[in-house]
Each structure stands twice: as structure tokens, then as C-alpha cells.
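Colleague: I am new to this one. Please show it to me, and then I will ask about it piece by piece.

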Amino acid sequence: MAHLFQGDRIRLLCSCGLLKPITAIYFCRHCLKLRCGNCVSHEVDTLFCPNCLENMPSTEARLKKNRCANCFDCPSCGHTLSTRATSIQTPSPEDPSKTVARKVYYLACTSCRWTTRDVGLKDQTVATGGWVEQDNEHYKHLQSLLEHYRSVAQQEKLEREKKRFSHRKSSYLSLSDKYSLPSILGRKSLTPLSPFAHKGDVSQTSEMTPLEATAEVEGLPEDIFTEEVVLSSVTTMEQRLSSPEWQPEKTADLYPLHKHILVKRSLRCRHCEHNLSKPEYNPSSIKFKIQLGAFYHVPEVRMVRQVELKTGVETGVQLSLCNPTPHDMTVALLPFVPEASEVSLQKAGEESVEGSSLNTSSLVRVVEIPPERTDLKLTADVALPQGQLILAARDDTAEYDDQDSSPNYKDDPQVVAWRRANKVGVNLLVTPKPDATYVRVGFVLRYDYTNTVATATESRTVTLNIPVMVDVGPVTQS
Amino acid sequence: MPLFEGLGGIGLINEKNTTVVLDIGTAYTKAGFAGEYGPRIITRSEVKCRETGKNIPLFQYKNENELRHHLVDFIHKLYFRCLLVNPKDRRVVVVENLLCPTVVRNTLAKVLFRHYEVLSVLFVPSHLVALMTLGITTGLVLDLGHKEATLMPIYEGVVVFHAWQALPFGGSLIEKSLSELLLDRAVATTEDGTEHRLSSIMQDIPNRYLEDIKVRTCFVSTLERSSCLQNNKYDRSIEPPPPPPSVHYPLEGHHILTIPGTVRELAAESLFERDQDALTLATLVLNALLKCPIDTRHKLAENLVIIGGTASMKGMKHRILAEVRAAAASEQYCQILPIPSFMLHHPPAKDNYVSWLGGAILGATEAVMLRSYHRDQYLASDVVPDWCNLSFNTCEDRDEKFA
Ligand SMILES: Nc1ncnc2c1ncn2[C@@H]1O[C@H](COP(=O)(O)OP(=O)(O)OP(=O)(O)O)[C@@H](O)[C@H]1O
Ligand SMILES: [Mg+2]
Ligand SMILES: [Zn+2]
Ligand SMILES: [Zn+2]
Ligand SMILES: [Zn+2]
Ligand SMILES: [Zn+2]
């Protein structure tokens, strides 16, 4: 019971079919359905450097390859590098016979003690920046290639447009000669498929010199059979791949890495396109502008205490229900039938989508994610309390109230075990099925949700059904 | 297909919607943007298991559903941790191995189109686009990846598909024989200074150590030394060449592993030793040539391209070339495959991202618009017809798929 919300013990069935703890679920107030990370659309909201906490516009991020201009990571261990200042004696510009002290800067890692001096990089005279960027040695060749293939593709496109009306049938589908090197005729029809094809007038495509093959390749270094290996001078795979374009093999070739920036994400409901979560713009803020966590909208279920379970023996399991909303809600627990409830859930969802005027136009085409197949097998029979109960609204001031408010509700003692502010305890009777080693029970939580975004014409309360799965615990063999 | 063709009108080099290029390998994934000269990241193809929270290989899955979850999580990481752009309404180029299982390809399409709502996907064959980095149209492309070595001849821009070859000779095989050699020959010094055989301390060596040892200390020996060592196996009177120096390697913080020089030298030999089927990397190349039409063989042999991370191993390319030449001169091949010269290309990239770079070049051209498979098409049918793949454009193949 260590986890505050019993994350892995009590899970809700999201509308996409995955079981998730309440802390990982969102509640779309417009569709009135549960959503989770699996079934919402994620978006990049803001980009920022995690070290200097500066925001970076996305165009700038593209140019800088998602890296901060001012902060560096250690190429050896990945820790953030810090700037060190020191002074050196240099000949004075006025009088070369005298020396003056000058401040210089270099980068050092406080974790593994790597410094830019280790790899022979010259100290900088300014505190930030000044480090020369590494170039791609093949830049020229690659640039000419890119231009070449662009013009080839451009021509292909033009030709296709010309042919469009004469050749209705796509050439893709009219070939008979498969893979084998085709006859002259076959080759003709295959050539346009090749990205390399010089189609039509070759002279129109841009200049490009293909690289030449050689008969000899670099062999092993002479001394490999005699020279001792100094392990610390050879980079690891991680060190190599942290600068993918260069992949230095020796630690002497490591180069400070610009720090990679991070994103804040916002989440959007795929069905109604409303935001479910949107962070604040400021990188140092951890708050949200919008955060529709299920935790604020769905009654929270917890197990009160761990009980011992025996095969075939009926055991009482107490759950607490807690109302997080500022409105009273009527709650009932209904039996959970895996297959049936899935269907009904979907139906209910569709109706509410159609019925609600809040949803954006029906022209929005929703791309459904593939259906999830979750194992919803229940390993115990459960007797649920019959009848309804009222969950009191959350009242943040109630804590300071001495008076007990519970007498206001005419509770059925068969249903309500206890009541405290906006919490209620209910008892389930669980009978583990034969051969079950772990007890999992399920029920549908039916409650009246007060819709805060509904328009005046609609009823403000809607009845929602949320399937809940409870991992009660292991069965002890009797 | 009016919709498909109509797309040509949309501006391509729109900075805001640069195409994403992905090469998802068994060991490492390369990801970046079309038109750039190197991938933004090369990351391990690993995901956190949804149940256990442990890192597991992306392509280790029990069923399609699990594979899809892996891909969903992995692609999420690629976009929101590495590339930092919205996947929605953006084009993707996927560099794929032609021999990649259909389930992987279909699941990837499903994830990209349905979960991430990408605008279009273009699958390009890795061997074919590797040639684009060189600016040539004919070549025999050997990809030495992690799981396997795959070879595909390409003549005048056309994949000679029926001549493909593949063997499970990749980085993982080297790691496997390295592990066997170490357990057999290496000693480890424990904290109290006593020496033990490695096999008495651990039954198997964790993969990350094996890779690290492989990359940092092992190399591919020369053909002469290797045959000398081979002969020594059968005839003890032949003096073996002196072994390279051994390496002291810290293992799990409290052991010092002494890696014998012979192990460093022999780990990669398994790629060249003839197994029961008498197949080696050299015969792979020659058998592919044999399957190609006669008039293409010389040109193909003069345009060898070796790519993939394992090709970066010290001495690898040199050895392959030597082995191929030796095998071609051997009795088995000299009559049926008279090839005067073998030549090797040097792609303008590190070996492990050559294919990615090819994809990035192609992805920056109009071809992305002309050949991609569009989201609306996918959603209408939920299948990826193979004609969106540059090399699967034939009628029959498509029919086979639907049959
Ligand atoms: N310098 C090196 N020396 C030896 N092995 C290396 C080196 N660099 C990478 N490798 C190995 O190359 C393999 C990864 O290569 P690559 O990234 O081409 O594979 P992949 O694309 O993930 O695999 P595949 O193509 O089989 O799906 C790994 O086994 C890695 O250990
Ligand atoms: Mg690969
Ligand atoms: Zn969901
Ligand atoms: Zn910064
Ligand atoms: Zn460091
Ligand atoms: Zn919604």
C-alpha cells in the first residue's frame, strides 16, 4: 500500500480499451469519456533548454538542430559542462617585452573531469560561445547530390504530368517482369521507378560527380598486433553515437556537445480536438493551463485495507469512494461483464458525441487508433452493494468544520459502511474462483456527473459508467 | 488515383513540414530530417516494457499487439525526445530492409498512420537508397547489421531482387562467438586479487559488455594471419603468429577481466569460417553475382558497397575484399565466375547511417510526393500495398499480397 493512489491495484478502463491507474487518465469534459496517453494526440507545445531554461522558437530549434547555443554537455559522460575562467600571461599588445594577465575560458565537466583542454581545444576569450562547430567533411558532395536528385525527381514529376492523360493506367501496376533484370522492354518500364533514372534530357539535371570505387581499402593499423590497448583512449558506443555525424573512435577526438533541448507537450482529445492538458509557457513553471486529469472528475476508488483471500471463501473487501468535484453525485456499483460493457460503453460514447452541441463540426475526421485487446478476465465472483448512495461534494472548508455532516444523508446501512466528508466506504463480498492465484474483480462505477461546460438547454447532469478493475491481492491456499 | 497525384501541388521544401526519415534497425535506430547530412540521433532500438518497466529490444515481441505497443512507445520517444516535432500531418520516409517481415511493416504503417496520423509514408529499400549517397546506379550492396548480413545487387537503379542473399552474420554473431571465447579462455581477477576463470564467475556475459568489448578491443584479422591460425589448428608444427596484446577490462565494477589477444583477434572469425553449408561472407557475395545476369557481373563486382555498423569494425572491409578475391580465385568459383577485379566504394557517411542518408536525400526530393502512400488511402483500406515501395511495383506482387 505504499503508493499514494494505489496505482497498480485499482485501474480504470479507458475508452480506448487499456487499463490505467486514475493518475494516468484524463477526462474529456466535452466527450465525457476517459482518455489516456495511448489514445490522445500529443503535440509539441514549447521547446526549451533544460539547463538555461530559455524558450526556443521552433524555427530557431530547427536551425540549431534542437540544441542550445550556449549550454554544453560533456562528450565523455553526458553531464552538463561548466565554464571555467582562468588567467594566462600574454605579451602586452603595447609593449611586447611585458606580459599582461588575460582572462580565458574553457569548459570542464564537474563529474568526470573532462575538459576542452584535454582534447587540445583552444581556450576562449569570451565566456559564452566562441567554440567552433564541427563540419561534415562530405558537405560539398552531399550538396551536389541533393541538387541532382531534386532535379531528377522534378523532371519525373513534369513528365508524369504530361503523361497523365495519355496513360491513365499507372505504370506501377502494368509490369510483368518481376525483379529480374528485365528485357529491354521491361527495363524501359522499370526505369522510371528508379530514383536514379536520368530521364529525358540528362543535361537539364544538375551537375554531380559520382564517387569512385577503389581496389584497396584501409587495412588494420600496423601496430595492432603489438601495441597495448589503452581502454580509456577508445570511446564507447554511447560516446560515439552522441555525435552521430562524427562518431569519434578515440577519446582524443571528443568534442563538446551542444545541449539537447526538451519539449513541453500538450495533449488533445482526438475526437473533439479540445485540449486535455496544456502546460504553462514558462519553462521553469511546472504548472498547467489546462489539466483535465480524471483525478479531478471521476470518483476515486481505493482499497481500504489488504485482506486475506482463500479459494472459495467469501471475504469482505472494503473500498472507499471519494468525490473530487464540487457537486454531490449519486453513485451505484453495477456488475462488470467484460464483453457487454465494452459494447455499451462505445454506444454511450457515440450518443454523447452526437447529442452534444459542444463538439466541433462533424466534418472533423477522427482517426481511430486500432482497438486494444486487454485481458479483462476476472478471477473472483463479487457481490456488490445493491442500491444507490450519494457522495457529498468536495468542500475544502469541511475539514475545519467540527460538525459532522453525515446525518444529512439517509444512508442504507447495507450499502454505506461509513461516511466522512466527501468519502464513503462500501463493502464488496469477494469469492475467489477455483484455481485463481490472484484475485481481480471488476465493477462498473455509475455516477451522475455534473457537466460544467454544458449549455443551458442541456441537462447539466449526465450518467456515466466507468469500468473499474481492482487487483485485490493474492489468494492464500487453505 | 487522383488524390495521390493531386498532392504534387503542395510545396515540398516547406521548412515547417520537413519530412522525417527513420531507419529502424534491430540494434540501433537512426532518425532525422530529409535534406540533412546526418541523422539527428542514433539510439538503441529499445523500449520500456509496459508491464515490467525494463528496457527490452524493440523487436522482441510475443504478438502483433505487443509489437504495436513497442512501436507506439518508441516512435513517441523519437518524436518528442529526439526530433521534437509533431508527427501529425508530416511526411515520413522509412528506410526498410527489403527482407523485413510483413508484420513489422504493416504494424509500423498502422502505428504511423493511426496513432500518429502522419500525412504520408514512403518505404524505401535500404540497399537501393544506399547507392544514392554515392551518386551511382549500379552496385552490390552488402549490409552488415546487427542481426544479419543482407546483400542486394542493384543494376542501373533496379534491384535484382531474385539474387538477394542473407545470412545471420551480423554484430550479434560476433558477440556470440566473443562470449564463447571469453568464457572459454578469459580469466578474471576478483577484488581479493585472486584469479578465476571467467566461466566460474558468470554463466553468461551481459550483452552490453559484449558489445563494448567488441567495439573497443576486437578487430578483424588479416587473411594471412587467419589462415596461419587455421593451419595451426590441424598441424601443430606450424608456428602460430604471436597473439596481439591482451587487454584488462573492468567488469561490473569489481572484477578485472583479462581479455586474451587471441580472443580479440578471433571474435569476428565466425563470419569467415565455413559452416556446414560452406557459407561465408565471401560466398555470399559470389553467390549473388552468380545469380545475376552474366553481362552485369563485372560492373557489379567493381561497385561493392559495404554498409552497416558491423562494417566499421577495424579491418572488416579489408578482410572481406581479401576473402572475396581469394574465394573467387578458388577452384569452386574460378571457372564459373571469372571476375577480373573487385572494387569497393567509400560512402560519404559513417557505415551505420549510409542507408539513412540515402533516405534523407530521396526524402528531400519530389519523389516523396510522387511515391508516398497517403494517410487517406491507408485509412480507406487499412493495408499498405507494396507498390508504395520503390521495388515492389509489380502487379504480381501486389496480387500475391491480396491473395
Ligand atoms: N565500430 C564498431 N565495431 C564493431 N561493431 C560495431 C561498430 N559500430 C557498430 N557496431 C555494431 O554494428 C551493429 C549495429 O549496426 P547497424 O546500426 O547497422 O545495425 P541495425 O541497422 O540496427 O541492424 P539490422 O540492419 O540488422 O537491423 C551492432 O551490432 C554494433 O555492435
Ligand atoms: Mg540496418
Ligand atoms: Zn486510452
Ligand atoms: Zn541552454
Ligand atoms: Zn563528464
Ligand atoms: Zn473529447
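Modeller: Two strands pair if DSSP finds at least two bridges between them; helices (H or I, at least four residues) and strands (E, at least two) are DSSP runs, numbered from the N terminus. This is a predicted model, in which local features need pLDDT of at least 70 and side-chain atom pairs count only at pLDDT 80 or more, while totals for chains, interfaces and linings use all residues. Residues are numbered from 1 along each chain, chains are lettered from A in the order written, and side-chain values use heavy atoms, without hydrogens and water.

Colleague: In what order do the four strands of the open sheet in chain B lie?

Modeller: The pairing in this sheet is antiparallel. Strand E13 (195-197) and strand E14 (247-251) are its edges, each pairing on one side only. The order is E13-E12-E15-E14.

Colleague: Which residue of E13(B) stands opposite Ala188(B)?

Modeller: Strand E12 of chain B covers residues 187-189 and pairs with E13(B) over three bridges. The two run in the antiparallel sense. Opposite Ala188(B) stands His196(B).

Colleague: Which residues of chain B does His141(A) touch?

Modeller: His141(A) lies in helix H2 (residues 139-163) of chain A. Its relative accessible area is 14%, so it counts as buried (under 20%; exposed is over 50%, partly exposed in between, with a 1.4 Å probe and protein chains only). Contact means heavy atoms within 4.5 Å, and residues up to four places away in sequence are not counted. In chain A it touches Thr209(A) and Leu211(A), and in chain B Thr133(B), Leu134(B) and Pro348(B).

Colleague: How much area do chain B and chain A bury between them?

Modeller: In contact are 113 residues of chain B and 88 residues of chain A. Buried area is the accessible area (1.4 Å probe) that two parts lose on being put together, summed over both. Carbon and sulfur atoms hold 60% of it, and the total is about 8900 Å².

Colleague: How many salt bridges does the rule find across the interface of chain B and chain A?

Modeller: A salt bridge needs a side-chain nitrogen of Lys or Arg within 4 Å of a carboxyl oxygen of Asp or Glu. Glu36(B) forms one with Arg62(A), with the closest N and O atoms 3.8 Å apart. Across the interface, the count is eight.
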